[in-house]
Amino acid sequence: MVENRAQSAHVGPGFWSVTAVLGLLAIASIVFWYWFPLEQYLPAAIVTARQVDTLFRFMAATGSALYIFVFGYLLYFAIAFRVKPSDPPDAIGVQVHDNHRLEFWWTLIPALFVVLLSVVSVKIWYEIMLEPQNGLVVQAIGHQFNFTFRYPQINGEITDEMHLPIGVPVTLNLTSSDVIHSFWVPAMRLKNDTVPGLVTSIRFTPRLTGRYQIICTQFCGVLHAQMNKQVLVVEDKASFDRWYQGWQVKNAHVSNALPAAGGAAVALTGGSAPAGQTLFAQKCSACHAIGPFNQRIVGPGLKGVLHDPSHPDLVNGDPATPANVAKILQTGYVGSLGAMPNATTNGLSNQDIANLVAYLDSLK
Amino acid sequence: MSIESAQMTHAGGIAGHIHPEPQGFVRRYVFSIDHKIIGIQYIITAFVFFMLSGLLAETIRTQLLNANGGFVSPETYNEVYSVHGSAMVWLVVIPLLTGGFGNLIFPLQIGARDVAFPWLNMLSFWIFPVAGLMLFSSFLMGAPTAGWTEYPPVSLQGSAGTSMWAAAIFLVGVSSTLTGINFVVTLVKMRAPGMTFTRMPLFCWGQFATAPLLMIATTALAAALAALFMERVFGVPFYDPTKGGSPVLWQHMFWFYSHPAVYIMILPAFGIISEVLPTFARKPIFGYKLIAFSSMAIALAGFMVWAHHMFTSGLAPYLQLPFMILTFAIGIPTGIKIFSWTATLWGGKIHLTSAMLFAIGFIALFTCGGITGIFLAAVPYDLDVHGTYFVVAHFHYVLVGGSLMGVFAGMYYWFPKMSGRLLNETLGKIHFWLFFIGFNGTFLPMHWLGIEGMPRWVATYDPQFEFWNRFASVSSYVMGIGILVFFVNVLWSIRAGKKSGPNPWNGRTLEWMIPSPPHYYNFKNIPTVYGLPYDFSHPLPYTGLEEELTDAPPALAAGAH
């Protein structure tokens with residue numbers, strides 16, 4: 001009898017019943033998170049999205065179970081161990097300082113859980129990172145305040161929707177023409193920032209046809225909130241091919257220039273070589289000679305830059321084409337030869353660039 | 001360390017002569033060198049900024065009542081949340097917990113007469129309101145718009161206020177660094193005889209873990225801010241990629257500070273909770289040493305996890321894994337604390353005062369924020385919800401449900417020590433329930449909003465999210481009313497509150513052994529400490545306090561020991 005009372009005083013009145021109720025609630029929460037129809041709210045558009053959902057269910061289930069125990073005991077202790085009106089004013093609680101066995105277990109169990117969670121996360125991380133590399137390569141470029149997309153064998157940029165064929169692995173290369181944006185498709189459970197001056201890539205395989213919102217999730221300027229109007233369309237191969245060929249025709253006349261800072265590529269038609277010559281003397285001749293490549297002042301000599309068979313490539317490795325020269329003029333150059341400011345710093349308009357390219361093109 | 005050798009070490013240093021109290025209003029209350037006055041100055045200033053940034057918060061929620069916004073322009077909205085975030089972090093939570101409660105309480109708890117460098121302390125304080133005014137004045141020239149993180153290059157495009165922001169935060173950083181130095185020296189050199197590290201109250205441990213973070217991490221932020229300022233004002237390229245800079249550099253520097261800053265904002269609150277719980281449960285804190293050492297472990301590990309804010313920034317992928325696993329690992333010492341606090345309640349004689357309600361509410365809400373922190377640390381899941389309302393929900397659970405609840409617990413607990421009067425308990429309980437319910441109504445739905453696809457930093461949003469946004473906005477008004485009740489309570493109680501006497505809560509730490517408010521010199525005689533303060537069944541572990549509550553004059557003579 002005395003022992004029994006000591007026993008109940010040891011854990012407190014109703015402790016085990018409360019523990020049982022909390023255990024049931026914890027099990028219910030685990031069942032809830034594994035049953036929860038997440039894909040009804042948010043389709044899983046790519047293969048690895050379902051793995052991310054698995055990780056979410058695992059963390060939500062274990063997290064809820066843990067929380068139910070912490071919150072439940074907190075509530076129960078705060079109510080059950082309240083001071084009673086019958087207690088003397090200087091009543092004190094049970095003077096326990098610690099309990100090494102308890103502390104051992106509540107350190108070991110979270111530590112084991114951390115190991116388990118690390119294993120699960122690393123495994124799913126690998127599945128995301130090890131998506132095939134040899135698929136369709138698409139580029140998405142962030143601008144204030146939209147994304148543009150480039151596909152192999154389509155000239156220029158696609159400015160409205162991004163289409164992908166179902167079941168084909170995709171490598172999406174991301175960069176930006178101005179500030180940092182972030183390319184997020186909630187249905188893909190995947191995002192990555194588009195960083196100016198940096199190309200990052202994500203790889204995935206679409207598994208479900210549909211139209212999915214593309215959202216910028218990194219603050220990028222005053223209209224950041226409006227940067228959610230574009231969609232990713234996942235469709236069957238035939239529809240994708242029709243869309244793809246449509247753009248090939250539509251953009252046939254567009255030069256294949258990479259996007260310039262500020263968005264639009266420079267139209268090179270209508271450049272005037274004499275005007276370019278005047279401009280070259282004013283803006284370029286301090287650093288560039290009209291001479292062979294290795295006649296350097298600061299930058300290389302530019303005579304025949306577009307027609308010198310011994311230098312088929314530009315300093316940045318791009319082939320020597322008018323569009324690529326225009327790109328360097330537009331965005332500047334930083335590399336082994338030094339640095340050249342961009343068009344804004346140099347005070348070059350698009351017409352100026354067209355004129356300069358026309359002039360350089362005229363030097364044989 | 002034996003008591004004798006402790007007295008040898010500290011002789012003169014802490015028990016030495018007492019300076020006469022300065023006379024005149026300005027020297028006593030404006031340019032004061034008294035740590036208690038400075039602490040109160042911090043608290044008052046920070047609460048003024050809290051009111052302003054709270055109004056900004058309600059502006060945010062009012063804008064988000066409708067999917068199309070419409071309350072303020074997108075430009076203004078961006079300014080509002082940027083200043084809201086910056087002010088809440090740098091002008092409210094950090095100053096309240098370190099300069100405010102730190103200054104006010106821990107020198108009393110270690111039996112010191114002041115901090116080590118009182119003049120430096122005064123300088124630390126006076127930088128802070130100046131910096132705060134600078135930050136708010138940025139509204140006059142176009143406030144920063146890129147959030148409290150101000151990632152370049154977009155912050156390079158921001159209006160002139162962004163440079164003002166950088167200068168203001170730099171100054172707050174200087175103030176923080178000086179405070180950190182002051183606190184480390186005070187805690188190491190000025191403990192009363194016999195107060196070994198393992199006899200220090202846990203609030204002191206919280207400050208002891210925080211102060212090195214203030215000292216070390218803030219310097220990284222200062223460098224980042226100086227570079228941003230130079231780039232914006234003088235065109236020196238650090239971050240602009242078109243001029244050879246790196247935008248990701250800012251993120252590394254910023255988070256190398258701002259992740260430890262998360263612990264600057266939570267470790268002192270852990271300390272407050274660890275004082276309030278034993279006092280009102282009438283029980284020793286459960287697992288004193290584990291709580292103390294886990295604070296140090298968290299502070300140390302806090303330096304090694306910054307890149308978990310950058311999983312989507314284009315880091316080399318293999319770098320993500322160590323940062324993920326180290327972040328998970330921080331869950332272990334944090335878990336130990338949560339379990340120990342919960343166990344402290346078990347078997348207690350619990351007085352559910354307002355301070356205790358806030359302390360229990362702290363554990364409930366902070367635990368939730370901690371668990372969602374684990375979600376965000378898991379790289380695959382972070383790649384989904386990074387930059388969404390899930391993150392907004394997570395850090396508000398930590399910083400409002402955690403740090404700010406801790407601040408309120410501290411206010412109800414230590415207000416008598418500041419003023420000699422108690423805060424009204426009925427108003428306190430109304431404050432707690434309005435705040436607790438309003439808080440959960442505001443931030444709980446945001447987890448779901450983020451998962452469903454609502455990004456952060458948006459002045460308008462997709463109409464499908466309207467219902468939960470309205471729910472959050474209305475709840476935020478409830479929370480706001482709760483805070484108004486608190487302000488009314490403070491203003492009323494400071495004049496008409498019940499007189500508290502020296503020790504209204506039967507506290508056992510040293511600050512309760514002296515009058516409320518304490519004398520200028522704190523202790524007439526420096527006490528000697530024989531043990532931990534939390535043994536409720538034992539006599540108090542101090543000697544030398546007999547004269548503190550009498551009319552006897554203080555021991556004034558220099559070198560009396």
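The model is predicted: local features need pLDDT of at least 70, side-chain atom pairs count only at pLDDT 80 or more, and totals for chains, interfaces and linings use all residues. Residues are numbered from 1 along each chain as its sequence is written, while chains are lettered from A and ligands numbered from 1 in the order in which they are written.

**Where the chains meet**
- Chain A gives 77 residues to the contact, and chain B gives 77 residues (in contact: C-beta atoms, placed from the backbone, within 7 Å).
- On the side of chain A that touches chain B, the elements giving two or more residues are α4 (47-80), α5 (100-129), β6 (190-194) and β8 (210-216). Helices (H or I, at least four residues) and strands (E, at least two) are DSSP runs, numbered from the N terminus.

**A sheet in chain A**
- The open sheet has 4 strands in the order β2-β1-β4-β7, with mixed pairing (strands pair if DSSP finds at least two bridges between them).
- β2 (146-150) and β7 (200-204) are at the edges with a single partner strand each, so one side of each has no neighbour in the sheet.
- β1 (residues 136-143) and β4 (residues 170-176) of chain A pair in the parallel sense over 7 bridges.
- A:Ala140 stands opposite A:Leu174 in β4(A).

**Helix α10 of chain B**
- Helix α10 (residues 288-301) has 14 residues and reaches 20 Å from first C-alpha to last.
- Its buried residues pack against α5 of chain A, along with α8 (202-234), α9 (247-281) and α11 (317-345) of chain B.
- Among the buried residues of α10(B) are B:Tyr288, B:Leu290 and B:Ile298 (buried: 20 or more other C-beta atoms within 10 Å of its own, C-beta atoms being placed from the backbone; exposed: 12 or fewer; partly exposed: in between).

Definitions and conventions
Two residues are in contact if their C-beta atoms, placed from the backbone, lie within 7 Å. The expected span of a helix is 1.5 Å times one less than its number of residues.
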